[in-house]
Amino acid sequence: MRNAYGKQNIRKSKSIRRVCAVLSVGAALLAGCGKDGGEPVQEELAENQAAQRESVELTVWGAEEDTQLMGQLIESFQKEYEEQADFQITYEVQSESGCKDALFGGLEEGADVFAFADDQLNALAAAGAVDPVEAADTIRAEHLETAVEAASVGNTMYAYPLTADNGYFLYYNKEFFSEEDVSSLERMLEIAADNGKYLAMDWSSAWYVYAFFGNTGMEVGLNEDGITNFCTWNRKDGGIKGTDVAQSMLELAKSPGFSNRTDTEFLEGVLDGSVIAGVSGVWNAVALQDAWKEQMGAAKLPSFACAGQQVQMASFSGCKLIGVNAYSSYPKWAAKLAEWIISEQNQNLRFEMRGQGPSNKRAAASAQVQDSPAIAALLAQAEFSQLQRVGGKFWEPVETFAGNMAQGNASGEDLQKQLDRMVEKVTER
């Protein structure tokens, strides 16, 4: 990786070359003043202006599902600035969840502009992969507070807010459930079982498993080092203990109406009619609307029975962000493109084409966004959500624990021992 000193020297050398080019143009213009007549001078001026015209090459990374949308945004950006530069902008598919790892494989060869999930920001900023955003004050004023927080490390903004919808909530088929039914997870499982159907949730993903621990008084999060985790999910005292949550998960898994399914399997179940409810996010709104039509319902997550009480299910929340590579050869144009992508008009277009919730305040307040059942459900769940801030060692231990719960504690091991081992691995340094 090139160090900061090397990066500054490279930028200085580029600046020196630009100054030399300007001086050369100025010398040519002065020489032209001694010629007879104005026409040759004008011609030479036009030639020099053409020579000064910048050629800009940018690479953009984003999700495969965004290919069509981003193609439109890149085209409109080039048209907007066609008088200022000649552009060659390439869009390449790169998973938003794996963007950090791809960049760390070679920052200098990485994309100039890239979309990524906000939980990667701390690592990107710490590695010097992204610089503080110059237009931060303007962006703070135009975007939702939660999105600005997600795009910042401390009080410094390092990325551009793109969406404010990276959370999960409940989808259900109104043919089977009333608004009262969907307030209780146990009631929903009972109805699903009575109809020979399923409610689906992905316990192979620690992201979703947070739903059972998040509103119990137990905690998980990043330490001050921004890398390691703290976790109290194995708590042995208090109103709700870790084993209480584990026991509740076992009871839920026993229901004939429950199905532990990935997001893809959830959609497959909806399409074949076997799944009538599930936990997912706005990315599935269009597909579910097509499948259930006017019967599609969306709501905040239900409560579940735990330690003799009803506990509101929690959720991780998050945002998608746009980053600008600190090693870009065209940092100013890369920043302009990032600002173009997150603008109000283009976030409106993103909602129309992809159903994703805007981070821009004005776009989020538009009638079409407010009328979306999925966005309304996400907003209702927001009260019970926490911005996802966990280190890399959180995922595998939680997924291992939850996978065993989904199988009815197939290992037969003591629940407290399982919780202690999970927490030990989550908090490893």
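Reader: In E13, which residue is the bridge partner of Tyr171?

Author: Heads-up, this is a predicted model: local features need pLDDT of at least 70, side-chain atom pairs count only at pLDDT 80 or more, and totals for chains, interfaces and linings use all residues. Residues are numbered from 1 along each chain as its sequence is written, and side-chain values use heavy atoms, leaving out hydrogens and water. E7 and E13 run antiparallel, joined by four bridges (strands are DSSP E runs of at least two residues, helices H or I runs of at least four, numbered from the N terminus). In E13, Tyr171 partners with Ala298.

Reader: And which residue in E12 does Tyr171 stand opposite?

Author: E7 (residues 169–173) also pairs with E12, antiparallel over four bridges (pairing takes at least two DSSP bridges). There, the residue opposite Tyr171 is Gly278.

Reader: How many residues of E12 are buried?

Author: Strand E12 covers residues 275–280 and is mostly covered. Buried means under 20% relative accessible area with a 1.4 Å probe, protein chains only. By that cut-off, the buried count in E12 is six of six.

Reader: What is the strand order in the open sheet of five strands?

Author: E8 runs parallel to E12, with three bridges. At the edges, E11 and E13 each pair on one side only. Pairing is mixed, and the order is E11-E8-E12-E7-E13.

Reader: How are H10 and H18 oriented to each other?

Author: These helices pack with axes 8 Å apart, at an angle of about 45 degrees (axes are lines fitted to C-alpha atoms over the stretch in contact, meaning heavy atoms within 4.5 Å, and angles run from 0 to 180 degrees between N-to-C directions). Under 35 degrees would be roughly parallel, over 145 roughly antiparallel, 65 to 115 roughly perpendicular, and the rest is oblique. So H10 and H18 are oblique.

Conventions:
Buried means under 20% relative accessible area, exposed over 50%, partly exposed in between (1.4 Å probe, protein chains only).
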